[in-house]
Amino acid sequence: MALGQRRYQRKSFVIPKLQITSMMDMFTIILIFLLFSFSDNPEKLHIEKGMMLPESTSQIDCNKNITVSLSSHSLKVGNQQIAVVNQGVISGFDRHHPEKSKLYKHLMSIRHNLDSRKDQENSAIIIFCDQRLPYKTIHQVVKTSGMAGFPNFQFAVLKK
Amino acid sequence: MKRFTRNKKVNETDTDIDMVPIMNMFLVLIPFLLSSASFFDINAIHTSVPVRQTQANSDDGLSNKIKKIIPVIEMKANKIELYALSDQVDAKNLMKWDVSLNKNGNIFPLADIQIYLQDMKKQYPESDTILIIPDDNILYETIIQTMDISRNSNQHQLFPNVVLSDKI
C-alpha cells in the first residue's frame, strides 16, 4: 500500500514553474529609473575625489573641451597635475606675475597647438571648482586662463 | 459534485502569461540604458573675463540708438554694492543705480539684488551683460548663486552674459 502510494506521487509530479513576477517588478522599476536618467550625450568627466560642485539653475550643457580642475588640494589641467593647493593657496603661483606660473605655460602650449591647427571650436575652458574655495583662489586660475588666450570659459555646475 | 470538480480540473488551461520574452527584452534594454545613463547631470555657466575693447567695438555700441547699461555687483565681506556703468547714459542717471545692501547675518540679500536687476532690465531691455566683482574671501558657491539670479528670474532672462572681474 505504501509502495503504491509512493509510485502514484512520483507520476503526478509537476515541474514547478519559476515565479518571475517579482523579478519583473524589479526590472520594471530599474527600467523606469534608467529611462529617466537617460542622457543622449553621456560625457565621461573625471571629477576629483571629494570635490563638491555647486548647484545651479543653468540649463546649458557642458562641452568637454579643456578641463581645468581646481579642488581644495590640487590644480589639474586634463589629468595632469599642475600645482598643489594648500588652504586656498596655489603653490608656485605669484599673484602679480601669473605669466610665470606653470599653469600659464601649460595653457599657452595648448593655445599654440590650437592655433596651429586653426581649431577655434575646442578653445573653451571648462573649470571644475570646489564650491568651498574662495574667489582669490579661483581668480588666479581665471585670470591666468584669460592671459593665456582663453577669455571665455565655463564653470561646471550640478543641475539643481 | 465530485465528478463536476474532476471535469473542471481536466478542462482547466494554463492561463499564465509567458513573461520570458519580456524578461529577455529587459535584459537587453537594461545594460544599454545603464551605459547611457547620467547619474550626475553636469551643466555649465558661460562666463568670461574682461578683455580690452577696441575703438571699433565701442563705436558700434554708440551708433546704436538703444541704450545699454552694465550693472555691477560688488560683493564685499559684509555688504553688496550695486551700481551701473555705461558710456551711453549720463552720469546723473547712472548715479540713481548706486545702492548698497547689507548682509542679513551670513546671507547675501540675493532676492533684493534680483529686484534691482529686474528694474534695470525693464528700463534698459537691450542690456545683456553684468559685471560681478567678488571680494577675495567670497566663496565660489555664493558667486554661482549670484550668477544664477543675475541671469534669470522666473523664467525671464535678465543679464545672460556674466563677466567675472577683479576690482577695477
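1. Two residues are in contact if their C-beta atoms, placed from the backbone, lie within 7 Å. With that rule, look at chain A: among its contacts with a separation of 6 or more, 69% are between residues 24 or more positions apart. Keep in mind that this is a predicted model, in which local features need pLDDT of at least 70, side-chain atom pairs count only at pLDDT 80 or more, and totals for chains, interfaces and linings use all residues. Residues are numbered from 1 along each chain as its sequence is written, while chains are lettered from A and ligands numbered from 1 in the order in which they are written.

2. Now the layout of chain A. There are four helices and eight strands, where helices (H or I, at least four residues) and strands (E, at least two) are DSSP runs numbered from the N terminus. Along the sequence the pattern reads α-α-β-β-β-β-β-β-α-β-α-β.

3. How much of chain A is buried? Of its 160 residues, 26% are. A residue counts as buried if 20 or more other C-beta atoms lie within 10 Å of its own, exposed if 12 or fewer, and partly exposed in between, with C-beta atoms placed from the backbone.

4. Next, the place where the chains meet. Chain A puts 44 residues into the contact and chain B puts in 38 residues. On the chain A side, at least two residues each come from helix H2 (21-36), strand S2 (60-61), strand S7 (125-129), helix H4 (135-147) and strand S8 (152-159). S8(A) gives the largest share, eight residues. By class, this side of chain A has 26 nonpolar, eleven polar and seven charged residues; here Ala, Val, Leu, Ile, Met, Phe, Trp, Tyr, Cys and Pro are nonpolar, Asp, Glu, Lys and Arg are charged, and the others, Gly among them, are polar.

5. Strands pair if DSSP finds at least two bridges between them. Ile60(A) has Ala44(B) as its bridge partner here.

6. H2(A) has 16 residues and spans 23 Å from first C-alpha to last, close to the expected 22 Å; the expected span is 1.5 Å times one less than the number of residues. The count of buried residues in H2(A) is zero. Helix H6 (residues 140-151) of chain B is another story: nine of its twelve residues are buried, so H6(B) is largely enclosed by the rest of the structure. Among those buried residues are Tyr140(B), Ile143(B) and Met147(B).

7. Then there is the largest nonpolar core, which has 53 residues. Such a core is a set of buried Ala, Val, Leu, Ile, Met, Phe, Trp, Tyr and Cys residues joined through C-beta atoms within 7 Å. Which members touch the most others? Leu70(A) and Ile127(A) do. H6(B) gives the most to this core, five residues. Leaving out residues up to four places away in sequence, Ile127(A) touches several residues, including Val68(A), Val141(A) and Phe155(A).

8. In chain B, follow strand S2 (residues 70-75): six bridges join S2(B) to strand S3 (residues 79-85), running antiparallel. A hairpin of three residues connects S2(B) to S3(B). S2(B) also pairs with strand S5 (residues 129-134), in the parallel sense, over four bridges.
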